[in-house]
Amino acid sequence: MTSKRSTARLSPGWLAVAGLIFAALFIYVGTPLAAPKQATSARPGNCAACHGQEKVFSPSHVDTKAMGYKDCIGCHEKGAPQKLEGKLPGSHLHHLRGVTCEKCHGKTAKPEEVKMKQCLTCHDADKLAEKTAEVKPENPHTSPHYGTSLDCNLCHHQHAKSENYCAQCNKYDFVVP
């Protein structure tokens with residue numbers, strides 16, 4: 001016994017309408033998810049300067065427009081339940097501390113990736129290794145493979161969530177700011 005299946009086809013007109021609806025939905029839904037604009041003149045706590053109307057805080061959060069990093073750690077100190085550690089991209093932490101885009105990228109129309117050499121103008125690799133000497137099971141700033149010369153950018157991303165580069169091969173549970 002064979003059954004007949006309906007093989008109804010959509011006309012080209014319906015396909016065009018469906019495509020337009022899909023494109024409109026994508027634009028409508030995708031716009032709020034777009035990357036924030038980079039406002040190089042934004043003050044440290046003025047999140048809206050880059051994020052616009054995007055809600056980056058809960059409605060009960062205090063206004064941050066006049067705040068800097070030290071104001072934030074009053075509530076979000078390291079190790080606290082509401083810590084900022086590991087939650088903000090490095091660029092945000094730098095900006096909250098008053099480090100401008102120009103400080104790392106220089107005066108340029110289109111910023112390029114910052115090389116480790118530039119990071120070391122402010123962050124001394126040996127001092128970082130001393131500061132994290134007690135981190136277990138292994139000091140993240142003294143690699144058994146590269147010493148203190150492992151590129152900072154492998155873990156510390158400035159415009160995206162940082163990652164634990166060592167965890168690709170090892171079972172280290174480092175929180176990477």
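Which backbone nitrogen lies 3.1 Å from a polar atom of the side chain of serine 143? In this predicted model, the backbone nitrogen belongs to tyrosine 146.

## Serine 143 and the segment after helix 7

Serine 143 is found in the segment that follows helix 7, which spans residues 125-131. Its relative accessible area is 11%. Because buried means under 20% relative accessible area, serine 143 counts as buried.

The peptide bond between lysine 136 and proline 137 is cis, with omega at about 5°. As background, most peptide bonds are trans.

## Aromatic rings

How many aromatic pairs does a search of the whole structure find? The search returns 1. The pair consists of tyrosine 172 and phenylalanine 174, whose ring centres are 5.2 Å apart. Their planes meet at 40°, so the pair is classed as tilted. Stacked pairs need planes under 30 degrees apart and edge-to-face pairs over 60, and the rest are tilted. Tyrosine 172 and phenylalanine 174 are both buried.

Another ring, that of tyrosine 69, has a charged group over it. The group is the charged end of arginine 97, placed 3.8 Å from the centre of the tyrosine 69 ring.

## Overall make-up

The chain has 7 helices and 0 strands. Along the sequence the pattern reads α-α-α-α-α-α-α. Of the 177 residues in the chain, 20% are buried.

Among contacts in the chain with a separation of 6 or more, 40% are between residues 24 or more positions apart. The accessible surface of the chain is about 14200 Å², and carbon and sulfur atoms contribute 59% of that surface.

## Confidence

The mean pLDDT of the chain is 80, with 77% of its residues at 70 or more. Which element of the chain has the lowest mean pLDDT, and which the highest? Helix 1, covering residues 12-33, is lowest with a mean of 58, while helix 7 is highest at 94.

Over residues 29-34, pLDDT stays under 50. For residues 29-34 the model has 2 contacts beyond four places in sequence. Where pLDDT is low, the predicted coordinates should not be read in detail.

Key
Residues are numbered from 1 along each chain as its sequence is written. Side-chain values use heavy atoms; hydrogens and water are left out. Rings of Phe, Tyr and Trp (its six-membered ring) pair if their centres lie within 6.5 Å; planes under 30 degrees apart count as stacked, over 60 as edge-to-face and the rest as tilted. Buried means under 20% relative accessible area, exposed over 50%, partly exposed in between (1.4 Å probe, protein chains only). A charge sits over a ring if NZ of Lys or CZ of Arg is within 6 Å of the ring centre and within 35 degrees of the ring normal. Helices (H or I, at least four residues) and strands (E, at least two) are DSSP runs, numbered from the N terminus. A polar contact is a pair of N or O atoms within 3.5 Å; within protein, one must be able to donate a hydrogen and the other to accept it, and residues adjacent in sequence count only if both atoms are side-chain atoms. pLDDT is the predictor's confidence in each residue, from 0 to 100. Contact means heavy atoms within 4.5 Å. Accessible areas come from the Shrake-Rupley method with a 1.4 Å probe; for residues, only the protein chains shown count as cover.
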